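Here is a short report for a reader meeting this structure for the first time. Start with the ligand, then turn to the chain.

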Amino acid sequence: MGIPSRAQDIRHRMDEAAKRAGRRPEAVRLVVVSKYRTVDEIKEAVRAGLVDFGENRVQEADVKRHELAELPELPELDDENLVWHLVGHLQSNKVKRALALFDWIHSVDRVNLARRLNRLAEESCTTQRILVQVDLAGEETKSGLPAGELFEALEQMGHLEHLQVEGLMVMPPFLPEPEEARPYFARLRELRDGALRRGGVAGPLAELSMGMSHDFEVAIEEGATMVRIGTALFGKRPSSRPSFVRGDAAPRKEGQ
Ligand SMILES: *Cc1c(COP(=O)(O)O)cnc(C)c1O
C-alpha cells in the first residue's frame with residue numbers, strides 16, 4: 001500500500017472513530033508527523049491531500065521547509081498552503097526560529113518557555129498558537145508539565161497576550177494495547193474541562209492533541225481534535241534522520 005491509500009485508510013478509521021463517539025469527523029485534524037522522512041515522502045503526502053505536518057526538531061523542519069520551498073512543481077506543493085506543527089521538545093535558544101517556522105507549537109511544557117515565546121512573538125508582531133504538553137505518566141524521560149501544576153501555569157499564561165493557548169497535548173508512555181492509553185486521553189480531556197470550569201485561565205483550550213499511529217482511534221473516542229501520525233502513513237521509521245537533514249552529505253536525489 002502506498003501513501004495515498006494509507007492516507008485514505010487512516011482518514012476512514014478516524015471518521016469512524018469520531019462517529020462512534022458521536023462527534024463530527026471534521027472536528028479531528030490529521031497531523032502527519034514527518035520527522036526522519038525525506039522531502040519526497042512529504043511531497044507524496046501533500047499530493048494525497050494532506051496539509052498538516054509535524055516535526056519534532058526545529059533544525060530538521062528548517063531544512064525541509066527550505067527544500068520544499070524550492071520545489072513548488074504543483075500548486076498544492078506550495079509551502080504556503082501547508083500548516084506546520086512542532087511536536088517535539090523546544091529549547092529556549094530555538095524559540096525565535098520556532099516562531100518563524102511553526103504555525104502551532106504542541107510542546108510548551110514550562111511557563112518560562114511560554115513567557116519567552118510571548119516576548120519574541122510580540123517583538124515580531126505576531127500571535128503564536130500553542131498547546132501545553134502535560135506529563136501524565138510521571139516518567140523522568142518524558143517532557144511535559146506535571147498535571148498538578150497545570151492550572152496555575154494556565155493562569156499565568158492567561159496574561160501572555162501574544163500567545164493563543166489552543167489546548168493541551170499528551171504523549172502517554174508506550175503501551176502495547178491501544179486501550180491501555182485510554183485513561184491518559186480521558187484524563188487530558190478532564191484536565192481541560194476542569195481548567196475551563198475553573199476559569200481565569202489562558203484560552204481558548206478547544207484542542208486536544210493526542211493519539212499516534214497505534215492508538216489514534218481510542219484518542220478520538222476520548223475527544224482528540226488532532227492526532228499525530230507517522231508510521232501508519234509512511235511505514236516503519238528509518239533509524240536515522242535523512243542525510244540532507246544531518247548535513248553530512250549532499251541531498252538525496254529523486255529515486256535514489
Ligand atoms: C514521532 C511522533 C509521533 C508519531 O508517532 P507514530 O507512532 O509514528 O505515529 C507523534 N507525536 C510525537 C510527539 C512524536 O514525536
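Which atom of the ligand is 2.6 Å from an N or O atom in the side chain of Lys-35? An oxygen atom of the ligand is. Keep in mind that this is a predicted model.

## Contacts of the ligand

Arg-228 is another. An N or O atom of the Arg-228 side chain lies 2.9 Å from a nitrogen atom of the ligand. Thr-231 takes part through its backbone. There, an N or O atom is 2.8 Å from an oxygen atom of the ligand.

How much of the ligand's accessible area does the protein cover? On its own, the ligand has 390 Å² of accessible area, and the protein covers 92% of it.

## The ligand's surroundings

The ligand sits in the largest pocket. Around the ligand are Val-33, Lys-35, Val-87, Met-171, Met-212 and Ser-213, together with Arg-228, Ile-229, Gly-230, Thr-231 and Arg-237. Sorted by class, this shell holds 5 nonpolar residues, 3 polar ones and 3 charged ones.

## An aromatic pair

How many aromatic pairs does a search of the whole structure find? The search finds 1. The ring centres of Phe-53 and Trp-84 are 5.7 Å apart and the planes meet at 40°, so this pair counts as tilted. Tilted pairs fall between stacked ones, with planes under 30 degrees apart, and edge-to-face ones, over 60.

The pair links distant parts of the chain. Phe-53 belongs to strand β2 (residues 52-55), and Trp-84 belongs to strand β3 (residues 83-86). The two residues are 31 residues apart.

Most peptide bonds are trans, and most residues other than glycine have a negative phi. Some places in this chain depart from that pattern.

Gly-203 and Pro-204 are joined by a cis peptide bond, with omega at about 10°. Pro-204 is in strand β8 (residues 204-209).

Tyr-36 is not a glycine, yet its phi is positive, at about 70°. Where is Tyr-36 found? Tyr-36 is in the loop between β1 (29-33) and α2 (39-47). Cys-125 also has a positive phi, near 55°. The loop that holds Cys-125 runs between α5 (111-123) and β5 (128-135).

Key:
Residues numbered from 1 in each chain as written. Predicted model: local features only at pLDDT ≥ 70, side-chain atom pairs only at ≥ 80, totals over all residues. Heavy atoms only, no water. Near = heavy atom within 4 Å. Polar contact = N/O pair within 3.5 Å; in protein donor to acceptor, adjacent residues only side chain to side chain. Areas by Shrake-Rupley, 256 points an atom, 1.4 Å probe, with all protein chains shown as cover. 1 Å grid on protein atoms, 1.4 Å probe; cavity = no way out; pocket = protein on both sides within 12 Å on 5 of 7 lines; lining within 4 Å. Sits in = over half its atoms within 2 Å of the grid points. Nonpolar A, V, L, I, M, F, W, Y, C, P; charged D, E, K, R; others polar. Phe/Tyr/Trp six-rings, centres within 6.5 Å; stacked < 30°, edge-to-face > 60°. Helix = DSSP H or I, 4+ residues; strand = E, 2+ residues; numbered from the N terminus.
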